[in-house]
Amino acid sequence: MRQLADYQSHIEEFKAQNIDVVALSVDPVDKAQETVDKLQLSFPVVYGLEVPRDADKIGAFWEERRRIIHATNFILDSARKVCDASYSIGPIGRIVTADALSHIQFFKKRQAQAK
């Protein structure tokens, strides 16, 4: 939940750069709504992902025993191509907001130079 709260606290920075933030969850609608309400999330939270079907579709690590998808972060470019990804089975190694914004600036600069 800390990661979602982190993204929400910087949501205006993403909006200023015309960047969408979307969260995906295996939670059912009521539990997902609880999280949205508790953290006052203003970005979409897709709920009800199924393990392993949806995890395999997005290329995420998943755990059979708990039926969860481990934290998976993607940064997509304007063509919706993955330009950065992070996979984590714990709290270390996730793409925090500062890193996401920094990476996005790097990719935008690189794209501009390539033109």
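1. The largest pocket holds about 1900 Å³ of space, where a pocket is an open set of points on a 1 Å grid over the protein atoms alone, with protein on both sides within 12 Å along at least five of seven lines, and a volume is the space filled by probe spheres set on points joined across faces, edges and corners. Of its 49 lining residues, those closest to the centre are Val22, Ala23, Leu24, Thr72 and Asn73; a lining residue has an atom within 4 Å of a point.

2. This is a predicted model, in which local features need pLDDT of at least 70 and side-chain atom pairs pLDDT 80 or more, while totals for chains, interfaces and linings use all residues. Residues are numbered from 1 along each chain as its sequence is written, and side-chain values use heavy atoms, without hydrogens or water.

3. Among the elements that each supply at least two residues of the pocket lining are α1 (2-9), α3 (29-39) and α5 (97-114), together with β5 and β6; helices (H or I, at least four residues) and strands (E, at least two) are DSSP runs numbered from the N terminus.

4. β5 (72-76) and β6 (82-87) also each give at least two residues to the nonpolar patch. Leucine 76, located in strand β5, counts as partly exposed because its relative accessibility is 47%, the class between buried (under 20%) and exposed (over 50%), with a 1.4 Å probe and protein chains only.

5. Aspartate 54, in helix α4 (residues 53-58), is buried at 13% relative accessible area. Beyond its neighbours within four places in sequence, aspartate 54 contacts Gly48 and Leu49, contact meaning heavy atoms within 4.5 Å.

Conventions. On a 1 Å grid over the protein atoms alone, a cavity is a set of points where a 1.4 Å probe fits but cannot get out, and a pocket is an open set with protein on both sides within 12 Å along at least five of seven lines; lining residues have an atom within 4 Å of a point.
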